[in-house]
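Dear colleague,

Please find below the sequence and structure that I am handing over to you. My findings follow, with the cut-offs behind each term.

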Amino acid sequence: MIREVRLVNIKSYKDSTIKFTDGVNAIIGENGAGKTTVLEAIGFVLFDTLPYRIGDFLRRGEKKGEIRIRLIGRDEREYEVVRRIEEGRTTAYYVNDIEVGRVAEGREVAEWIAENFGFEVDARTVFENAIGVQQGKIVSHFLEPPSVRDSIFSPLIGVDSYRKAYEKSREYENFVKDRTVEIEKKLVALSKDVEAKQRAEERLRDLNKKRNEVNRQLKEISRVIAPLKIKIERMSLLSKEFDTLSLEKARLVEKISAEEKAIKELEERLGRIHELKKELEKLKNEYEEYVVAEKRIEEVEKRREGLDKVRRSLIESKARLEALKEDIELAKKTVEDICKKEEIAEELERKAEREKKLRERLKELEILSVKKREIEERLKTISEEVDNKKKVLGELGEKRKKLSELEEKFCRIKGVEAARDRLLKDISGLKTKFEMSKNLYEQVKDGICPILQENCERIAGERERILAKLTKIKENLSKLEEKFLRAQKAVERKRLLEEAISRLKGELRNLTTLKEEIEEKEKTLEDLKEESERISEELSKREDVADDIKEVEGSMEKLTALKTEIKRKDTILEELRKKEKLVHKLGKELKKLPEVEKELSEVESELNSLKKLKEERKEAYLKYIGLSEKIADGEKIEVEVKQREKELESLRKKYDEVKNRLDEVKKEYSKEEHEKLRDKLGELISEEAKMRGELKTLESEISGVEKEIKELSKKEQEFRELSKAKDKLNAKHRFIKDLREIFKMSIPEITMAYVEAVSIEANRIFCELMDDYSWELRWIEDFGIVAKYRGRDIELAQMSGGEQMCAALAVRLALLRVLSNVNVVFFDEPTQNMDEDRRRNFAAQLSRIEGFKQIFVISHDDTFEEMVENAIKLRRENGVSVIA
C-alpha cells in the first residue's frame with residue numbers, strides 16, 4: 001500500500017507531499033493541475049517507466065529533482081523508495097527501511113520491487129498494461145487487430161518468452177547438428193592415431209628386452225671391477241705414503257742441520273753482551289742528568305703556557321675596551337637622533353591616518369568597479385534570456401492558435417463514436433435479419449412446402465420475395481459497412497486529434513509561468529541598470545581620491561619606520577649602561593698586565609738554560625739507551641737457546657720413526673704389480689663405457705617411443721572423449737527436438753490457462769462495476785473481449801463507451817490479480833465516454849471491487865469528490881501545482 005508521494009522540482013511541483021489512504025483515492029483537478037504527474041512519478045520510481053526524457057520531468061529552470069514514495073511492504077514494514085534526478089540522468093536510487101536504514105540501492109531496487117509485488121514478468125510491462133495504463137489506451141488496446149493485441153499482451157502473460165525460446169532453440173539444434181558432423185570428421189582422423197599407438201607399444205616391448213640384457217652384462221662387469229678397484233686403491237695409498245715419507249725424511253735432515261747452526265750463533269751473541277755491560281756503567285751519571293733536565297723542561301713549559309694565555313687574554317681585553325668606548329660614543333649619538341625624531345612623529349601620524357582612509361576608499365571603489373563589470377555581464381546574460389523566452393512565447397502563441405483550430409475540428413466530430421456505435425448496432429441487426437432470411441430461403445428455395453413436403457406455387461412466389469429481400473439487405477449491409485469503416489476512420493482521427501490537443505495543452509501549461517518569468521527578468525534588468533548607474537556615479541570620484549593619496553603617499557611607511565626607531569631608544573640606553581659597566585671592569589683587569597709580562601720573561605730564561613743542558617747530555621743518553629736494549633736481549637737469547645735444544649732433540653726422534661716406517665713400506669709395495677692391476681682395470685672400464693653407451697642409445701630410443709605413445713595416448717583419449725561427446729550430442733539433439741515441440745505446444749495451452757483464469761476474475765469485476773449480474777464477460781485467446789448479455793453475444797465494438805471502459809478495466813484488473821500480488825491500481829480518466837448516471841454508478845461500484853487495498857482514480861470529474869474515501873484536489877497557482 002502506498003502511504004504518500006513527495007515531489008520536489010518535478011514538472012509543475014516545487015515541493016509537495018500527497019498522502020493516501022486505504023480504499024479509493026481520487027486525484028481530482030482541471031487539465032494541467034498535475035494529476036497525471038503523480039501517476040508518472042509512481043511509475044518512474046517503482047516500475048522504472050517514463051513516457052518521455054528524464055530532463056523533461058524536471059521543473060522548468062531547475063537542475064535537480066527528487067521523488068520519495070512511502071509504502072507498506074509484503075512484510076507489513078514501512079519503506080521509502082527514493083529517486084533523485086538531474087538533467088538526463090538518475091543520480092541516486094535506493095530503498096530505505098524506516099527503522100533499520102538502506103536495504104537496496106541501484107539495480108537492487110528493481111529486484112526488491114519485483115519481490116515485494118510478486119511480479120513474474122517485467123515490472124514495466126505490468127505497469128504500462130495493467131497497473132497504470134495511460135489515458136486513452138485503457139480501451140483502445142482491446143480494439144486493435146489481433147496481431148497488435150498479441151504484441152501487447154503476450155509479453156504480459158509470459159507467452160512471448162516461449163516463442164522466443166522456440167525460435168532460439170532452432171539455432172541451437174542446428175549448432176548441435178554441425179558440431180556432430182565436425183566430431184565425426186575428427187574421429188575418422190584419430191582412428192589412424194589409435195592404430196599407430198598399438199604398433200609403437202610392440203616396438204617398446206622389444207627395446208625393453210634389449211635394455212634388460214645390457215643391464216645384466218653391466219652388473220657382471222661391476223662385480224669384477226669392485227674388488228680390483230679396492231686392491232689398486234691400496235697400492236696407490238702405499239705408493240703415496242712412500243713418496244710422503246721420503247720427502248718427510250729429507251725435510252727432517254734439513255731442519256736438524258738448521259737448528260744446530262742457529263744454537264751456535266746464539267751462544268756467540270751471549271759472549272758479546274757481557275762486554276757491553278761494563279761500558280753501560282760508565283754512562284749512567286750523564287744519562288740521569290739528561291732525564292732530570294727533560295722533566296724540568298716539561299714543568300717550566302707548562303708554566304710558560306699558562307702565563308702566555310693570561311697575557312693574550314689581557315691583550316684581547318684591551319682591544320675590546322677600545323671597541324666598547326667607540327660603541328658608547330655611537331649609542332649616545334643615536335639616542336640624540338631618536339629624541340629629535342620624536343618631535344616630528346605627531347605630524348607624520350596625522351598624515352598616515354589620512355593616507356589609510358584614502359586607500360580604504362580607493363579599495364571600495366575598485367570593488368565597485370568589479371561589481372559593475374559583473375552587473376554588465378548579468379545584464380547581457382538576462383537580456384539574452386529574455387529575448388529567448390520571448391521567442392519561445394511567440395512560438396507558444398502560434399501553438400495556441402493551432403490548439404484552437406484542432407479543438408474546433410474536434411468539436412465537429414465529437415459525436416462520431418455514438419454514430420459508429422449506431423452503425424455497428426444497425427449492421428448487427430441487418431446481419432441477424434440476413435441470417436434469418438437466409439435460413440428461411442434455404443427452407444423454400446426448392447419450392448416445396450416445409451410442412452406438407454410438396455410443390456407449392458405460393459412457396460415459389462415467397463422464395464422470389466425472400467431472395468429480393470436478401471439482395472436488398474446485402475446492399476444495405478454493404479453500404480452500412482462502408483459507412484462504419486468511414487466512421488471508424490473518423491474515430492481514429494478523433495483519437496489522434498485528442499492526442500495532439502493533449503500534447504499542445506501540455507506544452508501550453510507553462511505559458512503563464514513563462515510570462516511571469518519574462519516580467520520578473522525585465523524587472524531584474526531595470527534594478528540592475530539602476531545599480532550600474534549608481535556605481536558609475538561613485539566611480540567618477542576615483543581620480544580625486546587618487547590625487548589626494550599622492551599628497552600623503554608614503555606617510556604610513558615613514559611613520560612605521562619612525563615608530564620602530566623610537567621603540568629602539570630604551571633598548572639602546574639599557575645597552576649603553578651595560579657597556580659602561582663592562583669598561584670599568586676591563587680597566588681594573590688590565591692593571592695586571594706588566595706583572596704577568598715580567599714573570600713570563602723569567603720563565604723563558606730558565607727554559608733556555610735547561611734546553612742547553614739537555615742538548616749537551618743527549619749523545620750519552622742515546623748511547624746508554626742503545627746499550628740497555630742490547631743487554632736486555634741477553635735473557636731472551638738464553639731462553640731461545642734452551643727452546644732450540646729441546647726442538648732439536650724432538651726432530652732427531654721423529655727422524656728415526658720416519659726412517660723405520662719407510663723401510664716397512666718398501667717391503668710391502670711393488671710398482672710392477674701396481675701397473676698390471678691398473679691396466680686390467682682400464683680394459684674393464686672401457687668395456688663398461690661401451691655397454692653404457694649402448695644402454696644410453698636404447699634409453700633414448702625407449703624415451704622417444706614412450707613420448708610417441710604418450711602423444712598417441714592423448715589422441716586415443718581424445719578419440720574416446722569425442723566418441724562420448726558424439727553420443728551426448730546425439731542425445732542432446734533428441735532432447736532439443738522434444739523440447740521445441742513442448743515449447744510449441746505450451747504456447748496455446750498457457751494462453752488458454754491464463755485467458756480462462758483472467759476471464760473468471762474479469763467477469764466478477766465487470767458485473768460488480770456494472771451492478772448487473774446478467775452479463776457474462778470473456779477474454780478470448782486472441783486477447784479480444786467478448787460478452788453475452790441475457791443470451792445475446794456482444795462484441796466489444798458493439799458496446800457503449802461506458803460499457804467498453806468497464807470491460808477493459810475489468811480485464812486489466814483481473815490480469816493484475818492473476819499475474820502478481822499487487823493490490824494497488826490506477827485509473828486515468830476512467831469515466832471518459834460515460835454519462836452522469838454511469839459515472840456516479842462507476843464511482844459507487846469502485847469501492848466494492850474485492851482484492852484491491854488501494855484504488856487510485858485520476859479525473860477532472862468532480863463526481864468522485866463526494867463518493868470516495870479520500871479525495872485529493874489539485875490546482876495550479878502561478879505555474880505551481882498545489883493541494884487545494
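I begin with a pocket: by class, the lining of the second largest pocket has eight nonpolar, four polar and four charged residues. Here Ala, Val, Leu, Ile, Met, Phe, Trp, Tyr, Cys and Pro count as nonpolar, Asp, Glu, Lys and Arg as charged, and the others, Gly among them, as polar. Please note that this is a predicted model, in which local features need pLDDT of at least 70 and side-chain atom pairs count only at pLDDT 80 or more, while totals for chains, interfaces and linings use all residues. Residues are numbered from 1 along each chain as its sequence is written, and side-chain values use heavy atoms, with hydrogens and water left out.

The second largest pocket is lined by 16 residues. Leu424, Phe484, Glu795, Ala797 and Gln798 are the lining residues that lie nearest its centre. Two or more lining residues come from each of helix 8 (416-444), helix 9 (457-508), strand 9 (785-789) and strand 10 (792-795). Helix 8 gives the most, with five residues. The volume of this pocket is about 390 Å³. On a 1 Å grid over the protein atoms alone, a pocket is an open set of points where a 1.4 Å probe fits, with protein on both sides within 12 Å along at least five of seven lines, and lining residues have an atom within 4 Å of a point. Grid points are joined across faces, edges and corners, and a volume is the space filled by probe spheres set on the points.

As for the overall form, the protein has 17 helices and 14 strands, which are DSSP runs (H or I, at least four residues, for helices; E, at least two, for strands) numbered from the N terminus. Its radius of gyration is 63 Å, well over the 29 Å that the globule rule gives for 884 residues, so the protein is more spread out than a compact globule. That radius is taken over C-alpha atoms, and the rule is 2.2 Å times the number of residues to the power 0.38. Along the principal axes, the C-alpha atoms fill a box of roughly 195 × 130 × 45 Å. Of the 884 residues, 37% count as buried (under 20% relative accessible area, with exposed over 50% and partly exposed in between; 1.4 Å probe, protein chains only).

Several individual residues may also be of interest to you. Ile747 is found in helix 15 (residues 671-770) and is buried, with a relative accessible area of 13%. Arg720 also lies in helix 15, but counts as partly exposed at 42% relative accessibility. The C-alpha atoms of Arg720 and Leu187 are separated by 8.9 Å, although the two residues are 533 apart along the chain.

Glu40, in helix 1 (residues 35-47), counts as buried at 14% relative accessibility. Leaving aside residues up to four places away in sequence, Glu40 touches Lys11, Thr49, Leu50, Pro51, Tyr52 and Phe57, where contact means heavy atoms within 4.5 Å.

Finally, two backbone angles. Most residues other than glycine have a negative phi. Asn9, in strand 1 (residues 2-10), has a positive phi near 60° and is buried, with a relative accessible area of 16%. Glu76, in the loop between strand 4 (64-72) and strand 5 (78-86), has a positive phi of about 65° and is exposed, at 57%.

With kind regards
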